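Please examine the sequence together with the three-dimensional model shown here.

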Amino acid sequence: METWDAIRSRRAVRSFTDQPVDEQDLDRILEAGRRAPSSMNEQRWDFVVVTSRDRLRQLSKVWRYGRHVASSAATVALVTPHGDDAHERESIAFDLGQAVMSMMIAAADLGIGSCHSSVHDQELARSLLSYPDDRRCDYLVALGYPADRPLKPLGRHQRRPFDDVIHHDRW
């Protein structure tokens, strides 16, 4: 798939088939996240990949809207340093957004669906993923093949009109 088609095909997939994601494809998606831009190239992230069905079911409980994680073929947990500095947290959040979008576009390019999820229960996430106490996990990215329909460029989308969003030189 071409990049533009992958961007137009990417959508939130919350229902997955039982088909596993090939390890080579999963590595490509992870590599896309690893190569994402980050502030000052600090790369303040680690990715924990979960593929065990039992672990995915448990991980789906870290946020009340994370049920789709349970049926995913793989879910990537994004783990970052735990800091109290607001500027640092904002910078990390921006970097994570870029890593997540890079992974989602790479997944769409391979015909693999994705959907992000927040993490509310840090204690449960830490107990399941065993990351150090000086880290936290704020986001998950569920991956798998869409159960409803394959990914393809969306003709009708629910986005604000181009001219309502884009402003040139000033508002």
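Is Ser 130 buried or exposed? Ser 130 has a relative accessible area of 62%, and therefore counts as exposed; the term applies over 50%, while buried means under 20% and partly exposed lies in between, with a 1.4 Å probe and protein chains only. The model is predicted: local features need pLDDT of at least 70, side-chain atom pairs count only at pLDDT 80 or more, and totals for chains, interfaces and linings use all residues. Residues are numbered from 1 along each chain as its sequence is written, and side-chain values use heavy atoms, with hydrogens and water left out.

Ser 130 lies in the loop between α6 (122-129) and β4 (135-144). Helices (H or I, at least four residues) and strands (E, at least two) are DSSP runs, numbered from the N terminus. The phi of Ser 130 is positive, near 60°, although the residue is not glycine. Gln 43, also not a glycine, has a positive phi of about 50°. Gln 43 belongs to the loop between α2 (23-34) and β1 (46-50), and it is partly exposed because its relative accessibility is 32%.

By contrast, Ser 117 is in strand β3 (residues 113-118). Its relative accessibility is 1%, so Ser 117 counts as buried. Apart from neighbours within four places in sequence, Ser 117 has contacts (heavy atoms within 4.5 Å) that include Trp 63, His 68 and Tyr 139.

The next topic is a pair of helices. The axes of α2 and α5 (residues 86-109) come within 7 Å and cross at roughly 150°; axes are lines fitted to C-alpha atoms, for helices over the stretch in contact, and angles run from 0 to 180 degrees between N-to-C directions. The two helices are therefore roughly antiparallel, a term for angles over 145 degrees. Among the residues making the contact are Ile 29 and Ala 32 of α2, and Met 103 and Ala 106 of α5.

What lies in the interior? A nonpolar core is a set of buried Ala, Val, Leu, Ile, Met, Phe, Trp, Tyr and Cys residues joined through side-chain atoms within 4.5 Å. The largest such core has 23 residues, of which Ile 29, Leu 78, Ile 112 and Leu 143 touch the most other members. At least two residues of this core come from each of α2, β2 (74-81), α5 and β4, and α5 gives the most, with eight residues. A second, separate core of 20 residues includes Val 13 and Phe 16. In soluble globular proteins, nonpolar side chains tend to be buried together.

Definitions and conventions: Angles under 35 degrees count as roughly parallel, over 145 as roughly antiparallel, 65 to 115 as roughly perpendicular and the rest as oblique.
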